[in-house]
Amino acid sequence: MTECRKHHLPRLFSPLFLAALLVLPALGHADIYKYVDEKGVVHFTNIPTGTQYAFYMKESVVSEAPTSNNGSLSDLISHYADMFGLEAALVQAVIKVESNYNPNVVSTKGAQGLMQLIPETAQDMQVRNPFNPEENIRGGSRYLRLMLDQFNGNLDLALAAYNAGPGSVQRYGGIPPFDETRNYIQRVKKHLDRYRQGKDPIL
């Protein structure tokens, strides 16, 4: 996630729910609810605290995943792309633009790792170590899935939200008028085409 992103996705899960996920042997399910407040901030939760929340999606969390120790980045990307219903080439393109596959990169705004998660988003996506490739790809892919769902599968809007935050997309009613964001979308789509055609190496 790059420089002009200024948003915080509220906590997605309660500590008790997270603890339950840790002890589930294979597959856990949780209904996710959301609402948009008067400032355009999107709130997600698995425990709705008021009638303003509406059902958003049923999420599956799979515990059996390759790790950076026993799987390549390509394996990790394919695994989490499948888990969150994404095209692997899209995850690859986002990583290419965000970090150029450097798992240790930190932006001037504090975004970290392969998919450049800001600390608040990393926390919301249950990423404890954003410099761990497996955790970062899981969290970034999950967040990208949320953005695609929020903007009805519109790739340009989802990428704009990944870069500038969903609140910015909502405020402007489309792609924000930021050169960085517009360039970001074009760069990701360029690499997406190249990965689809097998023209770029996958690490």
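**View 1. Glutamate 98, a buried residue of helix α3.** With a relative accessibility of 8%, glutamate 98 counts as buried (under 20% relative accessible area, with exposed being over 50% and partly exposed in between, for a 1.4 Å probe and protein chains only). Glutamate 98 lies in helix α3, helices being DSSP runs of H or I with at least four residues and strands runs of E with at least two, numbered from the N terminus. Its side chain makes a polar contact with the side chain of tyrosine 184 at 2.7 Å, where such a contact is a pair of N or O atoms within 3.5 Å, one able to donate a hydrogen and the other to accept it, and residues adjacent in sequence count only if both atoms are side-chain atoms. The model is predicted, with pLDDT of at least 70 needed for local features and 80 or more for side-chain atom pairs, while totals for chains, interfaces and linings use all residues. Residues are numbered from 1 along each chain as its sequence is written, and side-chain values use heavy atoms, without hydrogens and water.

**View 2. The aromatic pair of tyrosine 172 and phenylalanine 178****.** Two aromatic pairs are found in a search of the whole structure. In the pair of tyrosine 172 and phenylalanine 178, the ring centres are 5.7 Å apart and the planes stand at 85°, so the arrangement is edge-to-face (Phe, Tyr or six-membered Trp rings with centres within 6.5 Å; planes over 60 degrees apart are edge-to-face, under 30 stacked, the rest tilted). Tyrosine 172 is partly exposed at 47% relative accessible area, and phenylalanine 178 is partly exposed at 26%.
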